[in-house]
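Hi,

Here is the structure I promised to pass on.

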Amino acid sequence: MSAIDLHARASKDFEAKLAETQAVLKRAAAEFSPITQASSLGAEDVVITHIINRLQLDIPVFVLDTGMLHKETQNLLARTRASSRAPVHVYRPVQESVVHFVRREGKDAMYRSIELRKACCHIRKVEPLERALAGKKAWITGLRREQSNARADVPLADDADVAKTGRIKFNPLANWTWGDVWHYIKLHEVDYNPLHDEFYPSIGCAPCTRAISLGEDFRAGRWWWEDEAAKECGLHVKEKAEA
Ligand code: SF4
């Protein structure tokens, strides 16, 4: 059974949510430049890129290639770069930092402590993200309130970090359910990561992502050996929370 068969169930107010999302993206593109979409190529992100392309918005996309992505994700990245109207930029970690870290701590360091896992995330994700966002006035993410307790208050437009970064974050799918996301994918035959068909709801680096069982929490497949509270990679964590 595919992820579409399992999950595609539109909310009663799906059309209103879609209109809200389109309005947020149009406003973001009209009022903020330069702007970019951060895509992990997960289900939410392929939906957003699809809407950007349908509306012909001037919003380039970027993907962080950590060097640890599944083959399926790499293949989707290649297909997306070939088919997207919006340019898709790829940011990679500084090779020297990766080589030094792996030489010093080993390839499986992320399993030994939260500190080492965060150090790996910093080299492979956070630093490349900083480069991707440098000089941008706004960025767009696929965060949804339903994804976890930590994301329960995600707003459509998050200006909490503007004073510090000069950048606003838009979360145009904040109000969507997982069923809405898959309904859109089904409706528009959006290309998606086949790992979703193997019970991976949330897809990250290969060593840090696993399939989940029915009834498990949405993010149970990410960093499953850690406590729930530690499970953000730094990409969406406020600075005070990282200290
Ligand atoms: S998710 Fe895992 S492999 Fe990827 S950067 Fe973080 S610790 Fe490293």
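A polar contact here is a pair of N or O atoms within 3.5 Å; within protein, one must be able to donate a hydrogen and the other to accept it, and residues adjacent in sequence count only if both atoms are side-chain atoms. This is a predicted model, in which local features need pLDDT of at least 70, side-chain atom pairs count only at pLDDT 80 or more, and totals for chains, interfaces and linings use all residues. Residues are numbered from 1 along each chain as its sequence is written, and side-chain values use heavy atoms, with hydrogens and water left out.

Let's start with Thr209. Its side chain reaches the backbone nitrogen of Gly204 at 3.1 Å, and a polar atom of that side chain lies 2.7 Å from the backbone oxygen of Cys205. Thr209 is buried, with a relative accessible area of 5% (buried means under 20%, exposed over 50%, partly exposed in between, with a 1.4 Å probe and protein chains only).

Now to the aromatic residues. Rings of Phe, Tyr and Trp (its six-membered ring) pair if their centres lie within 6.5 Å; planes under 30 degrees apart count as stacked, over 60 as edge-to-face and the rest as tilted. That rule gives six aromatic pairs. In one of them, the rings of Trp176 and Tyr184 have centres 6.1 Å apart and planes at 50°, so this pair is tilted. Trp176 is buried at 1% relative accessible area, and Tyr184 is buried at 1%. Ring pairs also link Phe14, Trp176 and Tyr184 into a cluster.

Enjoy exploring!
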